[in-house]
Amino acid sequence: MADSHMTTLTDDEREELEALRAEKARREEEERARAEREELEALRAEQAKVDAQILAECAATREHRSAQDPLESASSRRATAGVSPAPADHNPPQDKTFGQRMVTSSDVDGDGIPTMPVAQKIIIAAALIALVAFIIYTVTR
C-alpha cells in the first residue's frame, strides 16, 4: 500500500491529470465569469433604478417650482409666445424681502433637504460664542 503512493505517475496518468486540472481551471473560470456578469447586471439595474429616481425627483422639483411661481412661468410663456410681459412695477414672487431671505432657504443639498437658513446659522454662531465666553468666565473665576 505504501508502495502505490511512492511510485511515479506514468505518462498517460500524467496527461490525464493535466487534462483534469485544465478542465477544473476552465470550469472555475467560467463560474467566475458568470458571477461577474451577474454582479454587473445587478449593478446596472441598480444604477438604472437610481437614475430613474433622480429623473423623477428632477421632474417633481420642476413641477414644484412651476407650481410655486405661476406668474413667472406665465410671463415666460408670454415672452416665448411674443406677448408682452407683466408690468415692470410688479415684483415677481422670487424677489424675497430681507426677512424672508433670512428665515427661508431656496437651496437644496444633494439629499433633497433644504439647506440651513442664514438666521439659523447666525443664531448657532452666537450661541457657540456665548458658550465659549461662559466657559472662559467659569474657568477664570
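The entries below go from the overall fold to salt bridges and then to surface patches.

**Ground rules.** I am working with a predicted model, where local features need pLDDT of at least 70, side-chain atom pairs count only at pLDDT 80 or more, and totals for chains, interfaces and linings use all residues. I number residues from 1 along each chain as its sequence is written, and side-chain values use heavy atoms, with hydrogens and water left out.

**Fold.** I found five helices and zero strands, in the order α-α-α-α-α along the sequence. Helices (H or I, at least four residues) and strands (E, at least two) are DSSP runs, numbered from the N terminus.

**Surface.** I looked up the accessible surface of the chain and got about 12,500 Å², with 60% of that belonging to carbon and sulfur atoms. Accessible areas come from the Shrake-Rupley method with a 1.4 Å probe, and for residues only the protein chains shown count as cover. Of the 141 residues, 4% count as buried. Here buried means under 20% relative accessible area, exposed over 50%, and partly exposed in between (1.4 Å probe, protein chains only).

**Salt bridges.** I noted nine of them in the structure, each a side-chain nitrogen of Lys or Arg within 4 Å of a carboxyl oxygen of Asp or Glu.

- R26 bridges to E30, with the closest N and O atoms 2.4 Å apart; both sit in helix α2, four residues apart, about one turn of the helix.
- E29 pairs with R32 at 2.6 Å between the closest N and O atoms, and these two are three residues apart in helix α2.
- E31 reaches R34 at 2.2 Å between the closest N and O atoms. Because they are three residues apart in helix α2, about one helical turn separates E31 and R34.

I also saw that E23, R26, R27 and E30 are linked in a network of salt bridges.

**Patches.** I used residues with over 30% relative accessible area and no salt bridge, joining like charges within 9 Å and nonpolar side chains (Val, Leu, Ile, Met, Phe, Trp, Tyr) within 5 Å. Lys and Arg count as positive and Asp and Glu as negative, while His and the chain ends are not counted. A charge is placed at NZ of Lys, CZ of Arg, CG of Asp or CD of Glu.

D12, E13, E15 and E16 gather in a negative surface patch. E13 belongs to helix α2 (residues 11–68) and is partly exposed at 38% relative accessible area.

M116, I124, L128, L131, F134, I135 and V139 make a nonpolar surface patch of about 680 Å². I checked L131, which is in helix α5 (residues 118–140) and is partly exposed at 46% relative accessibility.
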